[in-house]
Amino acid sequence: MAEEESQLEEFEQIDFLRDRHVRFFQRSLQVLPERYSSLETTRLTIVFFALSGLDVLDALDVIDKNNMIEWIYSLQVLPTEDQSNLSRCGFRGSSHIGLPYSSKGPGISHPYDSGHIAMTYTGLASLLILGDDLGRVDKRACLVGLKALQLDDGSFYAVPEGSENDMRFIYCAACICYMLDDWSGMDTQKAIEYIRGSMSYDNGIGQGAGLESHGGSTFCAIASLRLMGRLEETMSQRELDRMRRWCIMRQQNGFHGRPNKPVDTCYSFWVGATLELLDVFQYTNYEKNKNYILSTQDRLVGGFAKWPDSHPDPLHAYFGLCGLSLLGEPSLRKVHPALNVTQRAFQHLQQLQQTWREKAGSCT
């Protein structure tokens, strides 16, 4: 018993190594281990994790923002002169298909070039984090390309050629429409019906109808409804209360995503943010959650892993920080739980949207 108490005391004394995490994300923007080579087509998502991680750490001053903004705009799939690719527009994940580097239009026709719904979300979010005004985003093209991805059941493909379709991409679509302040890019009622159809018997939410409740898909559904402003009208009070209970039951020390699964750093955000959106995060055990997240911290190179004594990676490093931010870690910026960017970036978006509305009002 005394030995267990001694180990617990040692566990509680883990320090948060801010500067090492800053360097970890700096490296993630420059070079990654060979094992990540398969993720080249989704490089923009890794860049988002690094940029938003640096923003949470209040350390964006360590990067060249202008160069990064130009690179992100070079990944925008712009309409060709004849607009024949309008339904394929958005943001691609990297320059892997070899098109010439350009951040200006018109677009170049290529049979394999198209936006990807998750890259469009992370591209727009990254531009906001960097302080861009989204002035060079072809909003109409992004929204037409987004609408073309929605299926009759309300879910979305990731790319025009077809892919998996589930709750993740409904969330990406909701974030895109919210950031562009224009919901014409999706049929929200069909998306809401898909969300309701994906509720399980235990009032968690799966990736689709009849699938197991999952912490990640529950976050995607609740955050989407919150961004739409439709949460309370879509779910009854009883359903929301049962969902709160299901999410709170996901805490062991950290959080896991499903019953009888091991805890994982990223669920400190996925489930924690869901509980924040449902106004009950304060009923979780902050100390156990924090201790678990810090136990996955790499003390040598920085970053967080999904489990203790594992390799850190950009995704878990970012969501580990977000989990600590939800807990009120004093050296971190607050995270907006639905849009998954800092409150600072969210306020920048609100200012942009106010400017757009005033400009639209003066033109009518």
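In which kind of crossing, left-handed or right-handed, does α9 pass α12? Let's walk through the model to find out. This is a predicted model, in which local features need pLDDT of at least 70, side-chain atom pairs count only at pLDDT 80 or more, and totals for chains, interfaces and linings use all residues. Residues are numbered from 1 along each chain as its sequence is written, and side-chain values use heavy atoms, leaving out hydrogens and water.

Start with the two helices in the question. Helices here are DSSP runs of H or I with at least four residues, numbered from the N terminus. Two packed helices are described by the angle between their axes and the distance between the axes. Helix α9 (residues 215–228) and helix α12 (residues 267–277) pack at an angle of about 40 degrees, and their axes are 9 Å apart. Such axes are lines fitted to C-alpha atoms over the stretch in contact, with angles running from 0 to 180 degrees between N-to-C directions. The crossing of α9 past α12 is left-handed, a word used when the near helix is turned anticlockwise from the far one by less than a right angle. In contact (heavy atoms within 4.5 Å) are residues including Phe219 and Ile222 of α9 and Trp270 and Leu277 of α12.

Now look at helix α7 (residues 167–180). Just after α7, aspartate 181 has a positive phi of about 60 degrees.

From aspartate 181, turn to tyrosine 318, 137 residues apart from it along the chain, with 26 Å between the two C-alpha atoms. Tyrosine 318 sits in helix α14 (residues 314–326) and is buried because its relative accessibility is 0%. Leaving aside residues up to four places away in sequence, tyrosine 318 touches several residues, among them Phe25, Phe48, Phe49 and Asn340.

Finally, consider the cysteines. The structure has zero disulfides, a disulfide being a pair of cysteine sulfur atoms within 2.5 Å. The closest cysteine sulfur to that of cysteine 89 is in cysteine 142, 7.4 Å away, so it is too far for a bond. For cysteine 177, the closest cysteine sulfur is in cysteine 175, at 9.6 Å, also too far for a bond. Cysteine 89 is buried at 6% relative accessible area, and cysteine 177 is buried at 0%.

Conventions:
Buried < 20%, exposed > 50% of the residue type's maximum accessible area, 1.4 Å probe, protein only.
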